[in-house]
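Subject: A structure for you to look at

Hi there,

Here is the structure I promised to pass on to you. Please open it first, and then read my notes alongside it.

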Amino acid sequence: MIYVSLYVSLTAVALSTLFSIPIAVVMGFSDFPGKQFVKSVINTGMGFPSVVVGLLVLFAVSNQGPLGALELVFTKQAMIMSQFVLATPPITAISLAAISGVDGNVRDAARVLGGTRVDVALVVLKEARYGIATAILAGFGRAISEVGSVLIVGGNITGADGISKTRTLTTAIQLEARQGQYGTAMILGAVLVALVLTVNAVVIRLGDQGVHR
Amino acid sequence: MPIHRRRFVAALGAGAVASTAGCAQFGGSQEETGAAVAGETLTLTTTTSTYDTGLLDEIHADFEEMYGVTVDAVAQGTGAALESARNGDSDVVMVHARGLEDEFMRNGYGINRRDLMFNDFVIVGPESDPAGIQGMESATEALTTIADAEAPFVSRGDNSGTHTKELNLWEAAGTEPGGDWYQEIGAGMGEALNNANQQGAYTLSDRGTFISQRSEVDLTILVQGPIEDGPEILANPYGIMAVNPGVHDNANYDLAMAYIGWITSPGTQDAISDYQMNGEQLFFPRAVSEDPDFQQYVPEGWSGNSTDG
């Protein structure tokens, strides 16, 4: 369960990050018509209900859906897809805010010193790294604490040997609560909280090391 | 002629089940059916009661070992389990709502339905029994009494097999439930029992889930089902069906039939019979008999061309 939770959420967040940061950079460094509209779409996405995401992903991957041939329903891949959809808006929006918030003098200095566009972008990204780390943690938080959509697309499957296939900590908590096993549910809840705190601590530590390097 | 045709298809299907069942008994030799299933995964959508009672976990290891396969059991509730199967997202479906199963079969989504096992429903409530239904021999009378007293009643409200049975009971009682005392919670059996426990309400429960949760709640059985000589209307039969590979060609029909053959085999039926929780038997096998109850439906417009067999 812990493995499935971490595997699914970390994969989804990694993919979201690879997808989001370039978007945030492009949007942070350019003006184009409709930019405000794109921003508001991303911000709306942050509040998009997860069970609706689950339903939409289910329709997509179900045997009857457009991706049906890939046979993804009730797999980790389908869960990653739904968490990717959920984590991308917060990561993009918070990264964009962090990039936009970098002092204009930093950009100017980099440009004056003869930096190319890429150099300038790298300098700004370095300045914004705490904000971007916050963005990734926010996305991770949304992904790993999610239960509605992964239950729908993943199916909460564990093998007869007790090895979890698509059961995450959150869906296990839901299952235990459904059965009235509140004690077990609480223990799993504590494990989940500990896991989130650990990942946060690791990310923050990595960020600090980056400063002293 | 239609009856004749149905018999023919039934015989064909029964033959298939018998040969896979035989296959199971002889240690899974694949030559008999020509179907290679080892290494594959069977997706079973099922109701929460077979899952939450721990029955499937208990018996599936045997099947997985015998065939070298894995079973992905998805517990959804009867309505959702059938819908997943209808969409081709599962290979075999195990549920307990005969009316919905028949519809699924008639529409051609399912094939080779077998009676699997049964248990029963019970009406549970607080020991104080505010509506005074204890000892009633008629489930419909008990429900009418609860409705007349406007005593709190928790309904699953989730299109599950238990919910379907509850609605059938209200209909049989000629009472349309409604009002503040009737609460649809849209959740599983365990949650319904917890909810009823919290507010001293009545609810309809399958005996298995109630037994497995009895120590957690202050509820008691007020109207018994047929296992304890209660009315037959509270019977809770489970059926199993393969997803029709003619409708969904990705359905793993060979493995589904191996599973149906295995779960209806004498050995597995004994294992189901032996499965206990808190010292009580939860499910009563029904597939093994001199005259197995085997249903097959002929899809509408089927030409009856036997060479397709």
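A term to begin with: helices (H or I, at least four residues) and strands (E, at least two) are DSSP runs, numbered from the N terminus. Axes are lines fitted to C-alpha atoms, for helices over the stretch in contact, and angles run from 0 to 180 degrees between N-to-C directions.

With that in hand, look at helix 1 (residues 2–29) of chain A and helix 6 (residues 117–127) of chain A, which pack at an angle of about 110° with their axes 11 Å apart. Helix 1 of chain A is therefore roughly perpendicular to helix 6 of chain A (angles under 35 degrees count as roughly parallel, over 145 as roughly antiparallel, 65 to 115 as roughly perpendicular and the rest as oblique). Their crossing is right-handed; a crossing is left-handed if the near helix is turned anticlockwise from the far one by less than a right angle, and right-handed if clockwise.

Which residues of helix 1 of chain A meet helix 6 of chain A? They are Ile21(A), Val25(A) and Phe29(A), and their partners in helix 6 of chain A are Arg117(A), Val120(A), Ala121(A), Val124(A) and Leu125(A). Contact here means heavy atoms within 4.5 Å.

Before going on, a word on how to read the model. It is predicted, so to speak of a local feature pLDDT must be at least 70, side-chain atom pairs count only at pLDDT 80 or more, and totals for chains, interfaces and linings use all residues. Residues are numbered from 1 along each chain as its sequence is written, chains are lettered from A and ligands numbered from 1 in the order in which they are written, and side-chain values use heavy atoms, with hydrogens and water left out.Now the rest of chain A, which has 10 helices and zero strands. Helix 4 (residues 76–100) of chain A and helix 7 (residues 129–144) of chain A pack at an angle of about 160°, with axes 8 Å apart, and are therefore roughly antiparallel to each other. Helix 4 of chain A passes helix 7 of chain A in a right-handed crossing. By class, this contact has 11 nonpolar, four polar and one charged residues. The axes of helix 1 of chain A and helix 4 of chain A come within 6 Å and cross at roughly 40°.

Chain A averages 89, and chain B averages 85. Over residues 1–32 of chain B, pLDDT stays under 50. Where pLDDT is low, the predicted coordinates should not be read in detail. The complex gets an ipTM of 0.75 and a pTM of 0.79.

Finally, the contact between the chains takes 26 residues from chain B and 21 residues from chain A.

Enjoy exploring!

Notes. pLDDT is the predictor's confidence in each residue, from 0 to 100. Ala, Val, Leu, Ile, Met, Phe, Trp, Tyr, Cys and Pro count as nonpolar, Asp, Glu, Lys and Arg as charged, and the others, Gly among them, as polar.
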